[in-house]
Structure formats: structure tokens, C-alpha cells
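Thanks for coming, everyone. Please look at the structure on the screen. I'll keep this short.

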Amino acid sequence: MKAKHQRLTLVVVAAVALIGAVLLAMQGLRSQAAYFYQPAALLKADVPPGQPIRLGGLVLPGSIAKAADGVTTRFSVSDGKATVPVTYRGIVPDLFVEGSGVVATGRLDAGGVFVADNLLAKHDENYVPRELGNIDREAVISESETLIK
Amino acid sequence: MHRFANPTRFLKLARPLTWICFWSGLALVLGACIWGLAAAPADRLMGDTVRILYIHVPTAWLGMGGWVAIALASIVQLVWRHPLAGIAARAAAMPGAVFAGLCLLSGSIWGRPTWGAWWVWDGRLTSMLILFFLYIGYIALVNASSERGQTSRTAAIFGIVGAVNIPIINRSVVWWETVHQPPSITLSGSSIDSAFLWPLLASVIGFSLLFGAIVLMRMRAALADIRVEARLQRLAAA
């Protein structure tokens, strides 16, 4: 075996070992590295009320309601398997619309309602020009409705 | 590849190639920016903020591409002992770091109006920040090396090991729940409307050509440095 081939073998073996180690580590991190719980995962995780957590999913179409005080917004977050009701006091982001993605930071209260201190809107991977937007807006909502069903 | 082991032969090709890459890249980038800022449509949800796309995506692509180049060149350096490989790896570090930094910056500016936050510690943003720190570490290691920079094996090993972060960045939005959206352009197609996609493609190609030009310039500067040093040593010996 020439020295060049020996070095090549060494680099390949080292690379395979390294990639294997990283994949194992990522597998181990899988649940810890998630930025938020989806509703089904949240209900399964049995998080005690009052513990700060993040909840993410789609805003259930037709669920957004403004409370009488004008600053509290109520809506439901869904992942197609489960739905969690959320209340949030404050200004909602521009991208917060029915059927869009949302990440809320807050805690569950004793009644199972998620009380959010902070809302982040999530943009999806679709980029659609505004001219097509009016036609598409309906499509997005019906699409997410079918997704949730 | 060993045809170019001779620096003189490499320089003969690199000199015209630098300027071809530089001017065509600059023209494409300017054209793409005008196209993206003035002619391309606004997004249905994000409005005009979508125009950051034409800077954010190319810088992210080159921030990651720069490290892939470092890793590949480091393998060539370690296995085949190609004299130019180490020089190429070190030449890609600084522009790679700059593009990774620009990606973080443009992403942060984009995140504030769309998500409602300058920064979140999700998988994508955190792994990209780690890439930026890896670049800084690599540059520091190359500069601190007591061996001549272009033959440092420590830096080459660091370059190869650091490459594990690249697939992590790429897969982060698929593996973990993140605020950053999943990839728009995949092997099965693109979910970006063609009205955005064409200026984006022009911008990505343009920035890539500029990146190539910068790497070639830095390689030529490094070769010139080596020559100066050799000549000074010869003068001192005489």
C-alpha cells in the first residue's frame, strides 16, 4: 500500500467515525433541541401548569377572536392531531393570520389554556407574489384546514 | 489536478480567471439586486421584506459553501500533499466568514418584521452561529500556527472536523422544530414562485463568482508572499 493510499484510508475511516458520532449525538438531542412543542407532543409530555414552555403549530382557521378589552387575543393552535387554546395579551405580529404558523412562549394554566407572553409568527417555505395572493389566501386557509382535518 | 502543482502554471490560469469571475460576478450581483429590489413582486404575506431573500440566500449558501471548500481542500492537502490545496483552504476562510456573518445579519434584519424577533435560539440559527465561530477559530488557528500557514496540518484537520456542522445546518429545520421555515428548494422542486426564483438564481450565481474571484485573489497574494520570503532568504544567504 502506498503512503498516499494509507492516508486516504485514514481520512475516510476518520470521516465515517466522525459522521457516525455526530448522527448518534443528533439522535440523542432530537427532543432537547426542538424549539417548541407541537400540540400533540405537548399533551403527551404532560407538562405541569406554570412551567415556561413554547408551543408551536398552525393557527386554527376561524379560531381568532378579540376579547372585549381589545388587547387580548384568543385562538387555537393545532398540528392536525390535537388543538390547544391560547390567550395572548399584546400586539400580534403582522404575519399572524388564520392558517399561518405561530410559536408562543408562555405556560399552561390549570384549565389547560396556554397563556402566552410572547408570540412569534412563523413563515412557511412558500413564496407567492402579492398579485396571486388574493386568490391564494383562500387556498392557504382551505389547505391548512384539510391539513388539520 | 497535479498539473497545477506548479504555481507558475496555476498563476497563468488564475490571472485571467480572477477578472472574468470578478466582473461577471459583479455585473450579475448588481443586475440581480436591481431586479430583486425594483422589478420582482412583493410577497403575499411578507410584502417588501421578501427582498432580503436576494442577499440572505446567497450569503447563507456561500457561508456553508466556503466551509465545504475548506474541508475538500484540506483532504486534498492531507492525502495528496498538493502544494496549492492548503493555500486554497486558507484563502476561502476569510470570505466564508464574511458571508456567514452577512447571512446572520440579514437574517436577523429579516426576522424582526416577519417573526417578531431579532434572534431566536432555534436549531437553524444556532448551528449557523456555530459555523461563524468555527470560521473565526479556523482563521485564528491558521494565523497562530508556528508552521508555515499553508502547510499546517492542525488547521487542515480542524477544517475537516468542522465540516460535520454543514449537514447539521442543512438538516436542522427538518430534524427539529424551528422558527426558521423548512427548505424551499429541495430535490423534488421549489416552493418559491418563479417571479422570485429567477432573480434569486442570478444573485446566487453572481455572489458565487465574486466568492471565486476573492479566493483566487487571496491565493495569488499568498503565493506572492511565499515568493517574497524565498527571495529575501536567498538575499540574506548571499
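First, the ground rules. This is a predicted model, where local features need pLDDT of at least 70, side-chain atom pairs count only at pLDDT 80 or more, and totals for chains, interfaces and linings use all residues. Residues are numbered from 1 along each chain as its sequence is written, chains are lettered from A and ligands numbered from 1 in the order in which they are written, and side-chain values use heavy atoms, with hydrogens and water left out.

Now confidence. pLDDT is the predictor's confidence in each residue, from 0 to 100. Chain B has a mean pLDDT of 91, with 96% of its residues at 70 or more. For chain A the mean is 83, and 87% of residues reach 70 or more. For the complex, the predictor gives an ipTM of 0.77 and a pTM of 0.87.

Where in chain A is confidence lowest? In helix H3, residues 130-148, at a mean of 57. Strand E4, residues 83-89, is the highest in chain A, at 93. Keep one caution in mind. Where pLDDT is low, predicted coordinates should not be read in detail.

On to the layout of chain A. Its secondary structure comes to three helices and six strands. Helices (H or I, at least four residues) and strands (E, at least two) are DSSP runs, numbered from the N terminus. The order from the N terminus is α-α-β-β-β-β-β-β-α. Chain A has 149 residues, and 36% of them count as buried. Buried means under 20% relative accessible area, exposed means over 50%, and partly exposed is in between (1.4 Å probe, protein chains only).

Look at helix H2 of chain A, residues 39-45. A:Ala41 sits there. A:Ala41 is partly exposed, with a relative accessible area of 36%.

Next, backbone angles. Most residues other than glycine have a negative phi. A:Asp46 has a positive one, near 60°. A:Asp46 lies in the loop between H2 and strand E1 (53-59) of chain A. A:Asp46 is exposed, at 66% relative accessible area. Chain B has a case too: B:Arg81 is not a glycine, yet its phi is positive, about 55°. B:Arg81 is in the loop between helix H2 (53-80) and H3 of chain B. At 43% relative accessibility, B:Arg81 is partly exposed.

Now salt bridges. The rule is a side-chain nitrogen of Lys or Arg within 4 Å of a carboxyl oxygen of Asp or Glu. How many salt bridges does that give over all chains? The count is three.

Take A:Asp69 and A:Arg89. Their closest N and O atoms are 3.3 Å apart. A:Asp69 lies in the loop between strands E2 (65-66) and E3 (72-78) of chain A, and A:Arg89 in strand E4 of chain A, so the pair ties together parts that are 20 residues apart in sequence. A:Asp69 is partly exposed at 45%, while A:Arg89 is exposed at 61%.

Then there is A:Arg107 with A:Asp117. Here the closest N and O atoms are 3.2 Å apart. A:Arg107 is in strand E5 (residues 101-108) and A:Asp117 in strand E6 (residues 114-122) of chain A, so this pair ties together parts that are 10 residues apart in sequence. A:Arg107 is partly exposed at 29%, and A:Asp117 is partly exposed at 47%.

In chain B, the side chains of B:Asp48 and B:Arg51 meet in a salt bridge, at 2.9 Å from N to O. B:Arg51 is buried, at 15% relative accessibility.

Last, surface patches. Patches are made of residues with over 30% relative accessible area and no salt bridge, joining like charges within 9 Å and nonpolar side chains (Val, Leu, Ile, Met, Phe, Trp, Tyr) within 5 Å.

B:Arg15, B:Arg227, B:Arg231 and B:Arg234 form a positive patch. Helix H7 of chain B, residues 194-237, gives the largest share, three residues. B:Arg234 is in helix H7, and B:Arg234 is exposed at 56%.

The nonpolar patch holds B:Met94, B:Val98, B:Leu102, B:Leu105, B:Ile109 and B:Trp118, with about 590 Å² of accessible area together. Areas come from the Shrake-Rupley method with a 1.4 Å probe; for residues, only the protein chains shown count as cover. B:Ile109 is in helix H3 (residues 85-114) of chain B. B:Ile109 is partly exposed, at 46%.

Key. Lys and Arg count as positive and Asp and Glu as negative; His and the chain ends are not counted. The place of a charge is taken as NZ of Lys, CZ of Arg, CG of Asp or CD of Glu.
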